[in-house]
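This report covers strands, a ligand site and aromatic pairs, in that order. Please keep the model open while reading.

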Amino acid sequence: MQRRNFLVAAGAAFLAGCNEIGDSAWFGKVVDGAQNWHRGLHRALGGGRITMAPEYDRSAISPVFRANGNRTVDTDAYRAAEAEGFANWRLSVSGLVDNPAELSLEDIEAMPQRTQVTRHDCVEGWSAIGEWTGPQLSTILEAAGVQPEANFIVFRCADFFMRGPADNRRQVDYYESCDMDDAMHPQTIVAHQLNGETLPVANGAPLRMRLERQLGYKHAKYLTGIEVVASLDDINGGEGGYWEDVAGYQWYAGI
Ligand SMILES: Nc1nc2c(c(=O)[nH]1)N[C@H]1C(S)=C(S)[C@@H](COP(=O)(O)O)O[C@H]1N2
Ligand SMILES: [Mo]
């Protein structure tokens, strides 16, 4: 992955040479930290256009969409929610918004929907193509009225991993985040269907994120909340995601 990111960045640097990378103010901003450098150059590949993840024909859909990480949520509350078909599941929209909300699945299904057939790439070395359906995150954020200080969206999840030595096990919640560019990207959706069916529990029922330009671990499953924040510093471990906090994964996992 490291090498791939490097190649993407190197390719972008090359292409950007024909563009406006010489502009010192813009370049200064982009090279402000290695991660921002990668992120800026990844975006520069599109020459200012929105870069879209490839979309496929339905015939390319994988016969089985593998599940990875947590395949269910080990709490009584989740088991009860599953038993009632997630009828009372709520997605909270909170933080730096004018109109905080608690959205039901009905609310989410009543919004304009996007369906996309995309390839999911996991860092562990497998990929699968699936068709995802749900409202664009931008629709939800526009309705919520994002305030000007907003810089990131935090995705809260119902699940967790137990970590630490046997005598000091602690529950560490899964979460993820993205910047406003990815949040407003047309392919960033809150999915409630996989391959035309209700999202299976193993794949994050009843709601999971799809952030198609980034690696698998960014696509938060068992979504309970969308939180609009100015900084990630005070959120959980401060690195912007579960794997980023516990294992040093890159926050910007562009592919
Ligand atoms: N809440 C939550 N989201 C998660 C995970 C998880 O364990 N919990 N695993 C991540 C990883 S590493 C991958 S590859 C994908 C797997 O999605 P899938 O189970 O639908 O294949 O979900 C991501 N999102
Ligand atoms: Mo993954």
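Buried means under 20% relative accessible area, exposed means over 50%, and partly exposed lies in between, with a 1.4 Å probe and protein chains only. Helices (H or I, at least four residues) and strands (E, at least two) are DSSP runs, numbered from the N terminus. The model is predicted: local features need pLDDT of at least 70, side-chain atom pairs count only at pLDDT 80 or more, and totals for chains, interfaces and linings use all residues. Residues are numbered from 1 along each chain as its sequence is written, chains are lettered from A and ligands numbered from 1 in the order in which they are written, and side-chain values use heavy atoms, with hydrogens and water left out.

**Strands**

Start with strand β11, residues 223–229. Five of its seven residues are buried, so β11 is largely enclosed by the rest of the structure. Which strands pair with β11? Two strands pair if DSSP finds at least two bridges between them. Strand β1 (residues 91–95) runs parallel to β11, joined by four bridges. Here V93 stands opposite I226. Strand β5 (residues 152–163) pairs with β11 in the antiparallel sense, over six bridges. There C157 faces L223 of β11 as its opposite residue.

Elsewhere, four strands make an open sheet with antiparallel pairing, in the order β3-β4-β8-β9. Its edge strands, β3 (114–122) and β9 (197–198), each pair on one side only. Two bridges connect β8 (residues 193–194) with β9, and these strands run antiparallel. Q193 stands opposite T198 in β9. In a regular strand, side chains alternate between the two faces of the sheet.

**Ligand site**

| Residue and its atom | Atom of ligand 1 | Distance |
|---|---|---|
| R66, backbone N or O | oxygen | 2.6 Å |
| N68, backbone N or O | oxygen | 2.8 Å |
| D159, side-chain N or O | nitrogen | 2.7 Å |

Ligand 1 has 530 Å² of accessible area on its own, and the protein covers 99% of that. Such areas come from the Shrake-Rupley method with a 1.4 Å probe; for residues, only the protein chains shown count as cover.

**Aromatic pairs**

Rings of Phe, Tyr and Trp (its six-membered ring) pair if their centres lie within 6.5 Å; planes under 30 degrees apart are stacked, over 60 edge-to-face, and the rest tilted. The structure holds 13 aromatic pairs. Y78 and W89 have ring centres 5.9 Å apart and planes at 90 degrees, so the pair is edge-to-face. Y78 sits in helix α4 (residues 76–83), and W89 in the loop between α4 and β1, eleven residues apart. Both Y78 and W89 are buried. Y78 also pairs edge-to-face with Y222, at 5.6 Å centre to centre and 90 degrees between the planes. Y222 lies in the loop between β10 (208–211) and β11, 144 residues from Y78. Y222 is buried, as is Y78. Ring pairs also link F161, Y174, Y217, Y242, W243 and Y249 into a cluster.

Notes: Polar contact = N/O pair within 3.5 Å; in protein donor to acceptor, adjacent residues only side chain to side chain.
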